[in-house]
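Hi,

Here is the model I promised to pass on.

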Amino acid sequence: MQKTVVINVVGLTTTLLEDPELFLYQWLKKKHHLSIIEPVLPALTCSAQTTYLTGKWPSEHGIVGNGWYDRTDAEVKMWKQSNKLIQSPRIWDLAKKKDPTFTCANMFWWYNMYSDADYTVTPRPQYWADGQKKPDSYSKPANLRDRLQEALGVFPLFDFWGPKTSIRSSEWIAKASKLVYEWYNPTLTLIYLPHLDYCCQKFAPKSSEIDKDVKAIDKVCKDLIEYFEGNGAEVIVLSEYGITKVNDPVDINRFLRKQGYLQIREERGLELLDAGQSRAFALADHQIAHIYVKDKNDIPELKKLFKQIKGIAKVLDDEGKTEHHLNHERSGELVLVAEQDSWFTYYYWLDDKKAPDFARTVEIHKKTGYDPAELFLDPKKKFILPRIVLKLIKKKLGFRTLMDVIPLDAKLVKGSHGCIPENEQDKPVFISSKKQAEKVESISVCQYILDTVFAKEATGVFEPTGCQEDKNSCELLN
């Protein structure tokens with residue numbers, strides 16, 4: 001078997017590879033081939049990664065987004081981590097059947113807990129009883145976390161997500177990946193580098209503000225590629241999706257509330273969305289929204305209403321979900337796809353004074369959807385940094401305090417993903433020393449990786465469809 005390393009540079013597109021001074025540009029030009037990946041719908045972290053690692057559509061593996069509504073518990077469940085949620089065999093399962101000596105290290109790809117991969121590391125904060133949230137990680141074997149922390153310090157969780165997000169988290173993952181390779185020598189190493197994802201949502205992918213971030217992640221890639229190729233490994237670089245510039249947030253739950261579909265519960269003068277009692281509500285996930293409908297007789301009227309809303313490109317019913325491989329019990333009765341320049345907020349309150357207390361905090365599990373405003377500090381609050389310092393001091397002294405520093409202004413967000421981009425240069429990429437089709441389907445990525453591990457000619461699954469829509473984006477393909 002061929003030692004193989006897959007580096008997932010989230011948000012990487014041909015547009016971001018145009019600078020000849022970048023290491024990745026030079027590495028690509030020397031001896032590698034670039035393919036455009038046709039993204040899965042939804043083009044979201046959990047769905048894309050799971051499709052790559054199973055070779056199956058969401059209708060089969062069950063990961064219809066970064067979360068979904070659990071109809072039994074009547075709860076929205078976002079960013080869960082158990083690998084048992086995936087309903088199809090994973091790439092390590094397929095490889096071990098072919099050769100039982102195969103081993104896999106999964107470094108921060110999602111659904112990383114309790115899997116049959118041999119070595120795993122994933123973020124897992126500690127939630128203390130006094131309200132403090134402490135950075136930490138989870139690993140298999142358990143002592144791997146301790147070894148990595150001894151060598152590198154605790155995983156910098158607050159640089160991984162939130163307004164403090166920085167290159168430090170990707171650098172830590174990269175260093176940890178090299179140590180895991182040195183200690184365990186796995187056949188396949190999967191590495192997740194998230195940095196571009198967050199800066200492209202804050203500033204938009206083609207803005208000058210992200211130039212330094214592109215160079216920073218390029219430096220991390222250079223270190224990894226030179227290390228692994230120096231140790232005889234074959235390196236594949238890919239991305240999950242491209243991020244496009246957005247201007248128009250769509251408050252889909254506020255719309256449903258005004259139409260009488262949402263049920264709201266008030267506690268302490270603040271409002272909570274009562275999903276279990278709502279006739280219909282939206283789980284907003286970037287440019288995708290799953291609409292969960294209590295009474296199916298409401299579906300025809302909802303379809304008509306949604307088609308009138310600016311910013312919605314598609315309303316998928318049962319037929320549409322089947323066409324786009326989202327016909328799974330976890331999906332909403334309807335699935336909305338946003339226009340290229342729009343995205344869906346989870347906001348449901350009509351008065352910011354009644355927003356729930358967690359709305360102004362980094363709280364990825366309590367919100368009924370994804371909240372990219374968590375990447376920002378509230379510009380309306382004066383002396384925000386001294387406020388944060390004071391709150392941190394209170395927490396360290398054992399006092400409970402609310403870290404309410406996140407804005408409620410969706411207009412701050414400049415980039416999003418989830419729908420299928422119109423232009424090829426906005427789609428994810430697959431870079432390998434093996435020549436493959438100019439366009440690769442998402443479900444083919446698994447087979448391409450296995451072909452590399454087992455030293456076969458790249459086969460994939462689908463016939464190439466070419467790259468005719470944008471000639472400029474294809475110059476790097478050759």
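Let me start with a tyrosine: Y111 counts as buried because its relative accessibility is 2% (buried means under 20% relative accessible area, exposed over 50%, partly exposed in between, with a 1.4 Å probe and protein chains only). Its phi is near 55°, a positive value in a residue that is not glycine. Y111 sits in the loop between β5 (104-107) and β6 (119-123); helices (H or I, at least four residues) and strands (E, at least two) are DSSP runs, numbered from the N terminus. Y114 lies in the loop between β5 and β6 as well. Y114 is not a glycine either, and has a positive phi of about 65°. With 44% relative accessibility, though, Y114 counts as partly exposed.

Before you read on, some housekeeping. This is a predicted model, so local features need pLDDT of at least 70 and side-chain atom pairs count only at pLDDT 80 or more, while totals for chains, interfaces and linings use all residues. Residues are numbered from 1 along each chain as its sequence is written, and side-chain values use heavy atoms, with hydrogens and water left out.

Two peptide bonds are worth a look too. The one from L41 to P42 is cis, with omega near 5°, and P42 is in the loop between β2 (33-38) and α2 (45-54). The bond from K140 to P141 is also cis, with omega near -5°; P141 is in the loop between β9 (137-140) and α5 (142-152). As a reminder, most residues other than glycine have a negative phi, and most peptide bonds are trans.

Now the sheet. Four strands form an open sheet in the order β16-β17-β19-β18, with antiparallel pairing (two strands pair if DSSP finds at least two bridges between them). β16 (280-285) and β18 (312-316) are at the edges with a single partner strand each, so one side of each has no neighbour in the sheet. From one strand to the next, the twist averages 20°. Strands β17 (residues 288-293) and β19 (residues 334-338) pair in the antiparallel sense over four bridges, and I291 stands opposite L334 in β19.

Helix α11 (residues 299-306) lies across β16, β17, β18 and β19, and runs at about 5° to β19. Axes here are lines fitted to C-alpha atoms, for helices over the stretch in contact, and angles run from 0 to 180 degrees between N-to-C directions. Contact means heavy atoms within 4.5 Å.

What about helix packing? Helices α8 (residues 195-203) and α9 (residues 211-230) pack at an angle of about 175°, with axes 10 Å apart. That makes α8 and α9 roughly antiparallel to each other (angles under 35 degrees count as roughly parallel, over 145 as roughly antiparallel, 65 to 115 as roughly perpendicular and the rest as oblique). H195, L196 and C199 of α8 make the contact with D213, V214 and I217 of α9.

Finally, the whole chain: the protein chain has 14 helices and 23 strands, and 59% of its 478 residues count as buried. Its C-alpha trace spans about 60 × 55 × 45 Å along the principal axes. Among contacts between residues at least 6 apart in sequence, 70% join residues at least 24 apart.

Cheers
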